[in-house]
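Keep the viewer open and follow along.

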Amino acid sequence: MKKYSEMTKKELLSERESVLKEYERLKAQNYNLDMSRGKPSMDQLGLTESLLHILTNGADCKTEDGIDCRNYGQLFGLKEARELFSDLLEIPADNIILGGNSSLNMMYDTVARAMLYGVPGSDKPWCKLDHVKFLCPSPGYDRHFHICESLGIEMIPVDMTPTGPDMDAVERLASEDESIKGIWCVPKYSNPQGITYSDETVRRFAALKCKAKDFRIFWDNAYAVHDLDDNGDILLNIFALMHGTEYEDRLYYFFSTSKISFPGSGVALLALSDRNLEATKKIIEAQTIGPDKINQLRHVKYFTNAEGIIDHMRLHGMVLKPKFDAVLHTLKTELAPTGIAEWTEPKGGYFISLDVADGTAKETYRLASEAGVKMTKAGATFPYGKDPRDRNLRLAPSFPPLEELSLAIHVICVCAKLAYLNKTLL
Ligand SMILES: Cc1ncc(COP(=O)(O)O)c(C=O)c1O
C-alpha cells in the first residue's frame, strides 16, 4: 500500500470511501469501550487479593517494636514501611515521609504548602509573588497541569525528546527567570510517552543552575518499578546524585504503590532533604496526627522487602505486556502503511503516546467518541489542554480486556485515517 502522502487525489478519494464505510460499520455496533485512564485491570487487582486478608485482628496490627497501628502517631509513617521503600528506591529511610493513599495528593499539598508558606530558600510564600511559573515538559501528565491551573501557577511548555525534557530549554529558562519556581518530571516511563530520562538528562537536572534560589524539581517517579518484562529501562538515582550537594533542597521525589497494590488504597511517599523535611514537618504537624499505618503495615507484611515488590511487579508485567503488544501490533499493521502517524514503544509504565497527523487529534477523538471509544481528551497532555500541533493522543492499554482493546485500537486507527482524509479532501 502507498503512503497517504504519495496517493493521487483519486486514490485518496477511493481510500476515504472504504475507510468511511468501515467507520459506519463500527459505529453501528454501539460499542462502549473505555481507553481513557491508566487504571489496572481486574486481573491486576486480583494479584494483591490476599493483601485484604493479611491483618485479621488487633494483635496483627502490632509492629515488631510494639506500635499499635490502630492508634494515633508516627507522623512520617511506620519505620518498617519507610525502610521497605528505602530499600526499593535506594533513598535513606530518614528522608522519607509516607503519606496517605495518593502521591498526587502529596504533590498537590507540596505545591500548596509552597504557595502558602514558601520553601527553604524562599523570601516569601509563592502566593505573595506577582508571578509563579512552572516548566511543564509536554506532552505530560494532565493532572500535574491541573494542579498548576488550580493554584494559579503559569505553565511554560517544554518539548519532550527521546531522552527526556529538552534540557537546553530547561537550563536556559530556569537560569533566566526568577519567577520559574518548579518543573514537573515523570522520569521513568513518562506519562504519556513512556520515555525514561537518560543518564545525561538526570545529571543535568541534578546540577541545574536556577535563577530562583527556591526552585524545586517535582520528580514524580510513579512508574519506578513498572517494567513490562526483565528488559526494562534503568533510571539513574537522582536522590543519590543530589543528596549532600549544595542542590539537595531542590528535589521533591514522589512515588506510590497505586499501581503495585491498589490505586486509591496504596501507600504514597515523598522523599526530601533534611532541611525540606524539617520545614515540611512543621506544617504537616498542623495538618494531621499521622497517616494510615494499618495500610502501611499490610504492605510491609505482604511484600516483606524490595525483592518482594520487584517479583510482584513481574506478575503485573505479564498481564500488561500482551496488551501493549496488541496495541503496537494494530498500530503497526493499520497505521504504519499510511505514514500519517507515529507512536512510542515503551518498555513499561501505563501508556502509549500516539501522534496522528497535525491538526487531526481532536477530530480523531471526536470520531472515536461517536463510535463508542472513550479516550483521554485530545489536548489533555498539554498545559491548558492546548496541543499546539493538535496531534497527540494518549492510549491507555491496561484496563480493557485484550479482545476489547484490539477492537478499540482498530476503531482509533480508522478514526485517525478518516480524520486525515476528511481534512485533506473536504
Ligand atoms: C505520572 C503519574 N503520577 C501520579 C499518578 C497518580 O498517583 P497516585 O495514585 O499515587 O496519586 C499517576 C496516575 O496515573 C501518574 O500517571
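Around the ligand there are 13 residues, and those that come nearest are Ser-102, Ser-103, Leu-104, Ser-256 and Ser-258. "Near" here is a matter of the C-beta atom, placed from the backbone, lying within 6 Å of the molecule. By class, that shell holds 6 nonpolar, 6 polar and 1 charged residue. Nonpolar means Ala, Val, Leu, Ile, Met, Phe, Trp, Tyr, Cys and Pro, charged means Asp, Glu, Lys and Arg, and the others, Gly among them, count as polar.

A word on what you're looking at: this is a predicted model, where local features need pLDDT of at least 70 and side-chain atom pairs count only at pLDDT 80 or more, while totals for chains, interfaces and linings use all residues. Residues are numbered from 1 along each chain as its sequence is written.

Zooming out, the domain assignment (bounds from an automatic or database source) gives domain 1 (4-45 + 310-425) and domain 2 (62-304). Their centres, taken over C-alpha atoms, are 31 Å apart. The contact between them draws 26 residues from domain 1 and 27 residues from domain 2, contact being C-beta atoms, placed from the backbone, within 7 Å. On the domain 1 side, helix H11 (306-335), E11 and E13 each supply at least two residues, with H11 giving the most, 7 residues. Helices (H or I, at least four residues) and strands (E, at least two) are DSSP runs numbered from the N terminus.

What about the packing inside? The largest nonpolar core has 116 residues, and Tyr-253, Leu-269, Cys-415 and Ala-416 have the most contacts inside it. Such a core is a set of buried Ala, Val, Leu, Ile, Met, Phe, Trp, Tyr and Cys residues joined through C-beta atoms within 7 Å; buried means 20 or more other C-beta atoms, placed from the backbone, within 10 Å of the residue's own. Helix H13 (402-425) is the top contributor, with 13 residues. Leaving aside neighbours within four places in sequence, Tyr-253 touches Ile-91, Trp-219, Asn-221, Phe-239, Ala-271 and Leu-272.

Three strands form an open, antiparallel sheet in the order E10-E11-E13, with strand E10 (342-343) and E13 at the edges, each pairing on one side only. Pairing takes at least two DSSP bridges; strand E11 (residues 352-355) and E13 have 4. Ser-353 stands opposite Arg-394 in E13.

Terms used
Contact = placed C-beta atoms within 7 Å. Buried ≥ 20, exposed ≤ 12 C-beta atoms within 10 Å, placed from the backbone.
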